[in-house]
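Here is a short tour of one part of a protein model. Take a look at the structure first, then read on.

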Amino acid sequence: MLSSLIRKIHQLQADPVLRRWLIGRALGRWPGEPAFTPHRPLYLDDLLPLKPESPSHDFTGSLHSQPAEPLTLELAGETVHVEMGSEAKLFQRPFDDIEALLSLHRFSWISSSTDPAWVGVLWRAWREEFSVPSASLAWHPYTVGERAVNILRFARRYGLPGPPEETLSVLAAHVSAIADRLEYFGDHHTSNHLANNGRGLFVLGLELNLAKATDLGVRILLEEAKRLFTPTGLLREGSSHYHLLYLRLYETAAKAAEQAGRPEAPALRAISVKAREAAQMLVLPGGLPLIGDISPDIPPATLLALLDVGPGVDIPSRCCDGWLRFQSDSWSGLWHASPEGFSHMPGHGHQDTGGFELHFEDEPVFIDPGRGSYGECGEA
């Protein structure tokens with residue numbers, strides 16, 4: 001806390017614009033933000049608080065096998081090796097980067113090549129330590145939503161990890177952990193996390209036959225799309241990677257809604273189609289320019305391959321919502337500068353005056369080196 005205060009004082013000393021703004025704010029020259037109730041968007045007044053529901057499921061079987069080989073976990077920015085018998089220590093060990101810890105709790109390390117037996121072992125170890133909702137990072141709403149989606153995606157392929165009723169009970173607790181702490185903090189401070197909360201509730205509701213959770217989740221997804229995306233379908237937060245991340249979120253939500261015969265399916269599909277069209281503008285022949293923050297949830301190359309998004313054919317030069325796509329013969333480029341004159345907050349753009357990449361055919365020539373870490377010092 002002291003280091004944060006010292007950093008803010010130094011920032012105030014070095015920034016005359018900030019000093020003038022603070023003085024004007026103190027004198028009432030600049031209006032404050034509109035009043036709001038944390039965790040309670042106005043568009044959810046008829047759905048909150050969420051009443052408890054009894055879950056049910058149609059998953060096949062459960063996992064009881066033991067791993068035959070040690071496990072290598074690819075966490076956000078760190079590789080961890082796990083031996084059988086040491087799984088409990090995994091969730092107690094410290095990490096230098098908080099994103100590595102969060103990716104562990106989000107079970108985002110599950111991939112198509114992960115031994116299903118290891119997922120069952122680590123799910124059991126996690127339940128023994130963290131099955132009761134708390135104020136810890138393990139139960140942060142964004143992490144809760146990610147974990148629920150990853151576990152349920154795994155369960156659709158291999159069956160529920162752990163004893164079905166126990167796993168079902170823990171997953172049901174994920175619903176209230178999200179709904180009671182929705183990441184809404186008024187129009188000035190609500191980020192893409194709220195849409196992620198909605199996706200988590202929507203998937204949990206559909207998979208566990210929870211009608212109220214399903215309705216709550218899809219309402220959030222539809223309303224937050226208005227906040228997240230510009231009229232041209234670009235993510236307003238200033239990050240090419242996060243744009244792809246939320247394209248994937250809305251495409252998977254649209255597919256789930258279509259499979260369930262939900263009336264909201266056409267609206268969700270329309271959002272994802274526009275976001276995909278915008279994504280083609282962001283991808284150059286040499287790959288995706290990493291302008292703005294990179295999400296720790298999934299590597300850019302992996303996400304790009306999953307979405308199968310390419311630069312399209314003969315995309316002309318165009319400019320919209322702060323992004324400029326340049327194309328001339330063998331040369332192509334992507335520039336970004338926030339239309340507001342500063343990085344959108346809250347968001348994932350760089351705290352600078354813009355970024356760009358320039359490619360010749362499929363070879364990146366000038367690249368944006370990006371942000372080194374999520375911290376407050378050093379490469380950040």
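Strand 8 and strand 9 run antiparallel and are joined by three bridges. (Strands here are DSSP runs of E with at least two residues, helices are runs of H or I with at least four, and both are numbered from the N terminus; two strands pair if DSSP finds at least two bridges between them.) Leucine 358 stands opposite phenylalanine 366 of strand 9. The hairpin made by these two strands has two residues between them, and in it glutamate 361 takes a positive phi near 50°.

Before going further, keep in mind that this is a predicted model: local features need pLDDT of at least 70, side-chain atom pairs count only at pLDDT 80 or more, and totals for chains, interfaces and linings use all residues. Residues are numbered from 1 along each chain as its sequence is written, and side-chain values use heavy atoms, with hydrogens and water left out.

Now for the whole sheet. In general, strands of a sheet pair through backbone hydrogen bonds, either parallel or antiparallel. Here five strands form an open sheet in the order 5-6-7-8-9, with antiparallel pairing. Strand 5 (318-320) and strand 9 (363-366) sit at the edges, so to speak: each pairs on one side only. On average, neighbouring strands are turned by 15° against each other, direction ignored. Helix 11 (residues 265-282) packs on this sheet and touches strand 5, strand 6 (323-328) and strand 7, where contact means heavy atoms within 4.5 Å. The direction of helix 11 makes about 55° with that of strand 6; axes are lines fitted to C-alpha atoms, for helices over the stretch in contact, and angles run from 0 to 180 degrees between N-to-C directions.

Strand 7 (residues 331-336) also runs antiparallel to strand 8 (residues 355-360), with six bridges joining them.

| Residue | Relative accessible area | Class |
|---|---|---|
| Phenylalanine 366 | 46% | partly exposed |
| Arginine 127 | 10% | buried |

Arginine 127 is in helix 5 (residues 116-130).

Methods
Buried means under 20% relative accessible area, exposed over 50%, partly exposed in between (1.4 Å probe, protein chains only).
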